Amino acid sequence: MPYEEREHTADILMHVWAQDIPTLFEECGHALMAVMYQGSARPDCTYSFTVTGIDHEQILQAFLSELLCLTETENVVFSEIAVSLNEGGLTARLSGEPFDRKIHGGGSEVKGISFSGLSISRQNDEYVLDILFDV
C-alpha cells in the first residue's frame, strides 16, 4: 500500500508514492477507494474512460474526478485500476463490484479532488505527491 493519510485540519490529505507515473496514478485511485469504502471488492464489472490535460497534475485531477463521479453514479467499488498515459491524457480501465453497505460501508464521503498543493515530484527514485480529498 504505497500511500498513507497525513494530518489535515478539514479534509483528507493522502501522501502517495510509486516508481513511475502510471503506477502513481493507479495508487491515487486506490487511495481514493480506501478513503471512501471499507472491505475489498471483486472485479465483477469493468469500466473504462479517457481524460485529457495539459500536464500530469491536471491529468491526475481529471482522472480522480472522473473516478469519483463514476463510483458515485454507477454505485461501484473499484478494486482494480490500470492507467495508460498517452500524449495529453490517459485511458483508465477499472474493475469492481456493486456497492454493498454490509461489505463496503463505513468510509468517508468525498465531495471532490482538490488542486490545492497538488504537485508531483521525484524523490529518491520515486514519484511522490500529496493529494487532498474534499470531504
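Colleague: Which residue of β5 does V83 stand opposite?

Modeller: In general, strands of a sheet pair through backbone hydrogen bonds, either parallel or antiparallel. In this predicted model, V83 faces A92 in β5, and V76 stands opposite P98 of β5. Strands here are DSSP runs of E with at least two residues, helices are runs of H or I with at least four, and both are numbered from the N terminus. Two strands count as paired if DSSP finds at least two bridges between them.

Colleague: How many bridges join strand β4 to strand β5?

Modeller: Strand β4 (residues 76-86) and strand β5 (residues 89-98) run antiparallel and are joined by 10 bridges. Their hairpin has two residues between the strands, and G88 takes a positive phi near 80° there.

Colleague: What is the strand order in the open sheet of three strands?

Modeller: The order is β3-β5-β4, with antiparallel pairing. β3 and β4 are the edge strands, each pairing on one side only. From one strand to the next, the twist averages 20°.

Colleague: Which strands does each helix lie across?

Modeller: Axes are lines fitted to C-alpha atoms, for helices over the stretch in contact, and angles run from 0 to 180 degrees between N-to-C directions. Contact means heavy atoms within 4.5 Å. α1 lies across β4 and β5, at about 160° to β4, whereas α2 lies across β3, β4 and β5, at about 145° to β3.

Colleague: Which residues of the largest nonpolar core touch the most other members?

Modeller: A nonpolar core is a set of buried Ala, Val, Leu, Ile, Met, Phe, Trp, Tyr and Cys residues joined through side-chain atoms within 4.5 Å. Buried means under 20% relative accessible area, exposed over 50%, and partly exposed in between (1.4 Å probe, protein chains only). The largest core has 41 residues, of which F25, L32, F63, L64 and F133 touch the most other members. The elements that each supply at least two residues include β2 (12-18), α2 (56-74) and β8 (126-134). The largest share, nine residues, comes from α1. Leaving aside neighbours within four places in sequence, F25 contacts H56, I59, L60, F63, V83, L85, L90 and I120.

Colleague: Why does F49 count as buried?

Modeller: F49 counts as buried because its relative accessible area is 10%. F49 lies in strand β3 (residues 45-52). Beyond residues up to four places away in sequence, F49 touches F63, E66, L67, L70, L90, T91, A92 and L94.

Colleague: How many disulfides does a search of the whole structure find?

Modeller: A disulfide is a covalent bond between the sulfur atoms of two cysteines. The criterion is a pair of cysteine sulfur atoms within 2.5 Å. The search finds zero disulfides. For C28, the nearest cysteine sulfur, that of C69, is 18 Å away; for C69, the nearest, that of C45, is 15 Å away. C28 is buried because its relative accessibility is 0%, and C69 is partly exposed because its value is 37%.

Key: Residues numbered from 1 in each chain as written. Predicted model: local features only at pLDDT ≥ 70, side-chain atom pairs only at ≥ 80, totals over all residues. Heavy atoms only, no water.
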